[in-house]
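Visitor: I am new to this structure and would like to learn how to read its pockets. Could you walk me through them?

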Amino acid sequence: MALEKPDQQRLFFALTPPIELARYFHHLAMTDLQECRGRQLKPEQIHLTLRFIGSVEAEVATCLQQAAGEITLPRFELVFDTLGYWPRPRVVWSMPSRTPAPLADLAAQLEQACLGCGLAAEKRAYVPHLTLLRNARQAPAQGTMKPLHWPVEAFALIQSETLPQGAVYTELQRWSLQ
Ligand code: 2AM
């Protein structure tokens, strides 16, 4: 049984990599990042959050879906070349060292969509990162990785359910970039 209230859904906007890329990130976490002693995400759980929403009622979700459908931005490419560790959430991540303008624009427009649908502003600055390990004990030995190119063609609204077997992510809707 999910832990969320029955009339609410826990949501976030994200980019989800093509499955081959997700498998590559998963493999990287399992092999090169073994020394970090963290819990790796399954390939289907790997994503790049654009805007965390939290638990909302159906009307807010509908409002967000309408607002997201009005976004028109070009496709872009992300090059993941950096590895790092945040000790407080104990997360090992991969990041692109360069944030392409359409990614920053997409995050900013989704922030506006959230505000327009009555949600509180996100206080933290947007830092695009892809979590590879949770509950990790130490930072990766290397701060760089073989650059991995991800052509981004769409973004999605995802539901997160906390089930006994862990977080289960379900894509609710996907929007293409131009
Ligand atoms: P993380 O990968 O750095 O933990 C789903 O929970 C996604 O939303 C995760 O990728 C998580 O980031 C991100 N997220 C951002 N803010 C969050 C928050 N306040 N609570 C939970 N998840 C958050």
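**Reading the pockets**

Guide: Gladly! Keep in mind that this is a predicted model. Let us begin with the second largest pocket, which holds about 260 Å³ of space.

Visitor: Which residues lie closest to the centre of the second largest pocket?

Guide: The lining residues are those with an atom within 4 Å of a pocket point. Here 19 residues line the second largest pocket, and Pro43, Glu44, Gln45, Ile46 and Tyr169 are the closest to its centre.

Visitor: Which element supplies the largest share of that lining?

Guide: That is β9, with 6 residues. Both α1 (19-30) and β9 supply at least two lining residues each.

Visitor: And what is the lining of the second largest pocket like by class?

Guide: Sorted by class, it has 10 nonpolar, 6 polar and 3 charged residues.

Visitor: Now for the largest pocket: how much space lies in it?

Guide: About 1,100 Å³. Its lining is made of 33 residues, and nearest the centre lie Thr49, Phe52, Arg124, His129 and Arg134.

Visitor: Which elements give two or more residues to the lining of the largest pocket?

Guide: There are several strands, namely β1 (8-15), β2 (39-40), β3 (48-57), β6 (130-134), β8 (154-163) and β9 (166-176), together with the helix α3 (101-116). The largest share comes from β3, which gives 4 residues.

Conventions: Residues are numbered from 1 along each chain as its sequence is written. This is a predicted model: local features need pLDDT of at least 70, side-chain atom pairs count only at pLDDT 80 or more; totals for chains, interfaces and linings use all residues. Side-chain values use heavy atoms; hydrogens and water are left out. On a 1 Å grid over the protein atoms alone, a cavity is a set of points where a 1.4 Å probe fits but cannot get out, and a pocket is an open set with protein on both sides within 12 Å along at least five of seven lines; lining residues have an atom within 4 Å of a point. Grid points are joined across faces, edges and corners, and a volume is the space filled by probe spheres set on the points. Ala, Val, Leu, Ile, Met, Phe, Trp, Tyr, Cys and Pro count as nonpolar, Asp, Glu, Lys and Arg as charged, and the others, Gly among them, as polar.
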